[in-house]
Amino acid sequence: MLCQTKNLEGYKLGARDGNIGEVREFYFDDHSWTIRYLVADTGGWLTGRQVLISPYALDQAISDLKVIPVALTRKQIEDGPSLDTDKPVSRHYEMEYYAYYGWPAYWDGPGMWGAGGYPRRGDAGWSETTRRIQKGDPHLRSTKDVSGHTIQAVDGEIGHVEDFVVDDETWAIRYLVVDTRNWWPGKKVLIATRWIQRISWEESKVFINLTREKIMQGPEFTDQALITRDYETKLHRHHNRDGYWADELTHPIAG
């Protein structure tokens, strides 16, 4: 199912033995556009440190209760690798984190999640050989920090990033929700992350290979609407682009 990250913010995080806080934001990998961590607001329970929860530990959100079950205990989280609130997530920290929980490293393999396309806890766990794999620091960005970045079409600015649409099974970010109020009051559109050419973090701009007119004529998006496959198909046909699901049918994701 596709959902907006802002709709998940504030959801309670239910560990196996009690509440651990609420969803504050997400860290995503700007190479694969995949959520790598949920950042928890623990309400002072673990003061002075960031509490990161990998999708490996997350079960299906219960929307009626606004709860995301977490398959960990409070003690496991408390004893896990500590990360100061003012420090970025380094690869060294990630190696300690994944080794502690025994999960397969997402950067160790050809798939979105290592060997496969889904963060499944039943997959092969942490391997010590991963410690020898050095690919530099991860390219992790905060959803809160990227919100507000300008969208640059081929012929000028078109709006700004308001939100992110995530597949809650793979945790891939499928779309950016773009607010175009400065050009067409009240209109929002979806831009697929596959259509992004590049990002200038210095300029806070996201560059896409589409014209402003083409975007304006595309299907409108509203926060109340469900993102169905029919809507996605209409959106991709308008922009003459193949859907991400076409690749998955041709090359099924392992996992």
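The model is predicted, with totals for linings using all residues, whereas local features need pLDDT of at least 70 and side-chain atom pairs count only at pLDDT 80 or more. Residues are numbered from 1 along each chain, and side-chain values use heavy atoms, without hydrogens and water.

**Exercise 1.** Characterise the second largest cavity.

*Solution.* 
- Step 1: its volume, the space filled by probe spheres set on points joined across faces, edges and corners, is about 30 Å³.
- Step 2: strand 12 (residues 188–192) gives the most to this lining, with 3 residues; strands are DSSP runs of E, at least two residues, and helices runs of H or I, at least four, numbered from the N terminus.
- Step 3: the lining divides into 6 nonpolar, 2 polar and no charged residues, where Ala, Val, Leu, Ile, Met, Phe, Trp, Tyr, Cys and Pro count as nonpolar, Asp, Glu, Lys and Arg as charged, and the others, Gly among them, as polar.

**Exercise 2.** Characterise the largest cavity.

*Solution.* 
- Step 1: of the 2 cavities of 30 Å³ or more, the largest has a volume of about 60 Å³.
- Step 2: its lining residues include Arg49, Gln50, Ile77, Pro81, Tyr93 and Tyr101.
- Step 3: strand 5 (49–53) and helix 3 (91–101) each give two or more residues to this lining, and strand 5 gives the most, with 4.
- Step 4: the lining comprises 7 nonpolar, 2 polar and 1 charged residues.

Conventions: On a 1 Å grid over the protein atoms alone, a cavity is a set of points where a 1.4 Å probe fits but cannot get out, and a pocket is an open set with protein on both sides within 12 Å along at least five of seven lines; lining residues have an atom within 4 Å of a point.
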